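Dear colleague,

Please find below the structure I promised to pass on, followed by notes on what turned up when I went through it.

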Amino acid sequence: MDIQAFKKLNRILGLLMGLIATAVYVMTMESSASLWDCGEFIAACYKQMVVHPPGAPLFVMIGRMFTLLAGGDVTMVAYWMNFMSALCSGLSIMFLFWIVTHLGKRMMMRMKLLNSDAMIPILGGGVVAALAGTFCTSIWFSAVEAEVYSMSLLFTAIVVWAICQWDERADDPQSDRWLLFIAFTMGCSIFVHWLNLLAIPALAFVYYFRRFEVTTKGAFAALGVSILILGFILYGVITGFITLAAKIELMMVNSFGLPFNSGVILFFSLLIAAIVFALYYTYKKRMALAHNIALCITFMLIGYSTLTTVVIRSNANPNINMNAPKDIVSLSSYLLREQYGNRPFLRGHYYTSRPEDYKSTGKKYARGKDKYEVVGEKLDYVYNDREKKVLFPRIYDSNFTKDYERWLGLRPGQKPSYADNLKFFFKYQIGHMYFRYLMWNFTGRQNDEQGFGAGDMKNGNWLSGIGPIDSFFLGSQSNLPEYVENHPVRNTYYFLPFLLGLFGLVFHAHNDRRRFTAIMLLFLFTGIMIIIQGNSPPVEPRERDYIFAGSFYAFTIWLGIGVMGIWDLLRSKINGKTAGVIALAIGLVPPLIMGYQNWDDHNRSGRTAARDFARNYLESCEENAIIFTQGDNDTYPLWYAQEVEGIRPDVRVVNLSLLGVDWYIEQIAVKVNEAAPVPMSMYKLNPDGSVAVNKIRGTERDAVPYIENPEVAPPGRSIELKQIMEFIGDKKYAFRSRGEETNYYPTQNFKITVDTTAWKNRSEIHTDDKGKIAPALEWKMGKRTLLKNDLMVLDIIAQNAANGWDRPIYFAISVNPSSYMGLQKYFQLEGLAYRLIPVEKSGDDPYTGSVNPDIMYDNVVNKFTFGNIERPGIHVDSDLKRMLFNFRSNFARLAGALVEKGDTEKAVALMDRCQEIMPNEKMPYDMYWFPMIETYYDAKAPEKAAELTRKIAKNISEDAKYYRSLSGRYARSFEKDRQQAEQVLDLMARISTDKKQPDLAEEIRSLMM
């Protein structure tokens, strides 16, 4: 082989693969912010703010540079952030090509086949692996949105490529500089995402195989050492150093009375001195290995130092300042992710174990005037002696009892065995939460609806496209409804990528066992080990395949090796170069199928739905409003809209999930953008910004129980909410239990007195409701305990009412009803939010609140935008569909309110517009469109009602036909669905008959046959 020619082609093709991948991602990336964490990350990068624990300061700093490419056009900031992810993923593919060609070249050397004929399969294998990586569904998903996972994958690619460079030059005296580069890169990667560290065992084995005599005992020792290194970095470097620094800081300040940061200065002085001494001593004593270890730790800490920017920016009090890590003590809590709690790893209890008490495991501190003050206790459960801890607990969370029982096939209340524990691990955590995702990427995917497994054959399963195999696992696929068969995410690869990867895996293991072992460790540690350490509960907020991108990246290496294996099979039968061309042609088939199948559902170009939906939430609110939100998708996009594009900065977004912690309550007490501070009695600031009242610090009033007290609150009498807040906030009313003071609330009958005269002059009250204004909002609190976020919601409402209702109060429609605090009968729907008003809803319909048709119509028709989702080629994924369910319901409710008002023309036009925005092709019509059929009839538009009925009936009849075609266990699995479909069709026929449309009724009955 001409080595120089090979090197030249290798460089050119690697760059070309990176360019092709980047081009694919740029063409398909989202045009604005995406859902989930993307809005938070883009806003944080744009204004250098602090994101959720454990932080990503390097990502935020690099992201800021890309936001500058927008050139001052705020609508392009998200575009360039998405471009950053596309570029990172494209570079990852470039390094993937070079990793495969290096492995291929070393394998051919071991096989003594490194000649000119081998150039085509080696380079061709790199091309196949690169294209497979480009079109790999989980890698592509992250490549087109502004999240940390693409940059994290790039760091993984860089360190694996770098160890390949070291492997190539291991005998060179200067080769270990590559190890220092790897250490620095890993140190940097920590504060993009920690997943990169899982490559350490693979890197350690490459080092072991090149520097030591290989034995079985030595291999196990190398694995043990690599895991110790990984543990040292995870628990020593990342969190341990800062935790130790925090302890020294507490000692120096609280015990010795020294100024703040004395302990920090001492710790880092000692650390630097220790590093300098270690470097000097090991160099002087010619301790090469120890010196390299000291250098690697030094370089890793240099990369790790980006963490300091978290504290710097937090002290600047940015608008997004998650956990407010302003000092070393709060930074330690931030890195330890204490607000999220812990999942058991090696030892723990089953979900059926019931704690009998709590114990303190430490104290919580916060910075005070001249020392760190205790603001609460860190608590853990105490179990009785009969509840023994088990090794490797997988079924541990009592909040998911029914889900565990469903997965394990247990009766309600039945105690699980250790065999059930392992069954859950293999069946759910490995099978459902990893192997299913692996098959998505290399075999095919049924749809993008979240799969809940345990007999769910309808959603989220892997699919091959090979009828007999798919039919065995999921039932017959021959009579599927049209909307199911043509679903954009129904992607089938016929096992070809998976089989080529398996073939490459076996070929690699047979011909270069050492480097195969390294890649296998990369594959397992970025896959299975994440599952083991993460200990997933049986229900996740969304599918988690994107966290395994590193594992799937490793698997694509074997697709490239598989091309070399095909060449090896063919070379003895035909000319070597011809064999290489044929092997390449065969190898290209799987990635090209992946690209063809995946394009339509990964193409997000032209879509601005997340940004537009955020705008719609904000535009649902009147000026200077407060809106309570809850989840990621009704909060982070709103943050992006306000902080980056300046959309409705006067609205104050209050996230209920964060409202239970003191640092967030402190942040909403100050002005943000054009939004005034949120009024509260539990936490107040003086005009100079100093704290005037703080009754929620640390764990104070985390939970306030209901204890009936007739002396304070006579039975049958409602008490003013403001008085209740004052009662809860005054320690003189607390009761003592187990040596602790606990505030409580003495009644569940609450009220807010209303100035009816003032409210009659307010525009938010519909003309027809002016005479219905209640003299007081009266309701019963159904909860037995008010958590801190509940308490603060009530406090905000009470203070706002005391201030003359000068701030409109809204609840996002996506908020869990349990967070409505029992006030929903006083809600008024005005868009994507319910407004709290002193008018009780009339009527007995099952919907939340009443509708103000004038305000809501103006918002929906004149202010709402929908992200281009109605345009051909714009994919509406399952996350967007879930949000569109709310839109659809609101369109129907508004249309119904317009009909009641007599505006039938507006109602019909509105429902027509709803179907334009959400066509059957994007969001298949189902029984939940029924209210719109009724409203069409009520609006005297029977033709349109019939048209919509036909569309719904067609979809449901196809469902029913499919269910009836099944037999055996598949039919039993869909039995409830079949019965429901037939009942809905029968209902539709009866409705059509009642509406004097016998022909339509007969048409529907014919579909039931």
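Setting aside neighbours within four places in sequence, Phe-628 has contacts (heavy atoms within 4.5 Å) with Val-654, Leu-656, Leu-659, Val-793, Ile-796, Ile-809, Tyr-810, Phe-811, Ala-812 and Val-815. This is a predicted model, in which local features need pLDDT of at least 70 and side-chain atom pairs count only at pLDDT 80 or more, while totals for chains, interfaces and linings use all residues. Residues are numbered from 1 along each chain as its sequence is written, and side-chain values use heavy atoms, with hydrogens and water left out.

Phe-628 also belongs, with Phe-59, Tyr-304 and Leu-659, to the residues that touch the most other members of the largest nonpolar core, which has 335 residues. Such a core is a set of buried Ala, Val, Leu, Ile, Met, Phe, Trp, Tyr and Cys residues joined through side-chain atoms within 4.5 Å, where buried means under 20% relative accessible area, exposed over 50% and partly exposed in between, with a 1.4 Å probe and protein chains only. Helix 4 (residues 77–110) gives the most to this core, namely 17 residues; helices here are DSSP runs of H or I with at least four residues, numbered from the N terminus.

Asn-82 also lies in helix 4, and this residue counts as buried because its relative accessibility is 0%. Beyond its neighbours within four places in sequence, Asn-82 is in contact with Met-29, Glu-30, Ser-31, Ser-32, Ala-143, Val-144, Glu-145 and Ala-146. Ser-32 is 50 residues away along the chain, yet the C-alpha atoms of Asn-82 and Ser-32 are separated by 7.9 Å.

Best wishes

Definitions and conventions
Helices (H or I, at least four residues) and strands (E, at least two) are DSSP runs, numbered from the N terminus.
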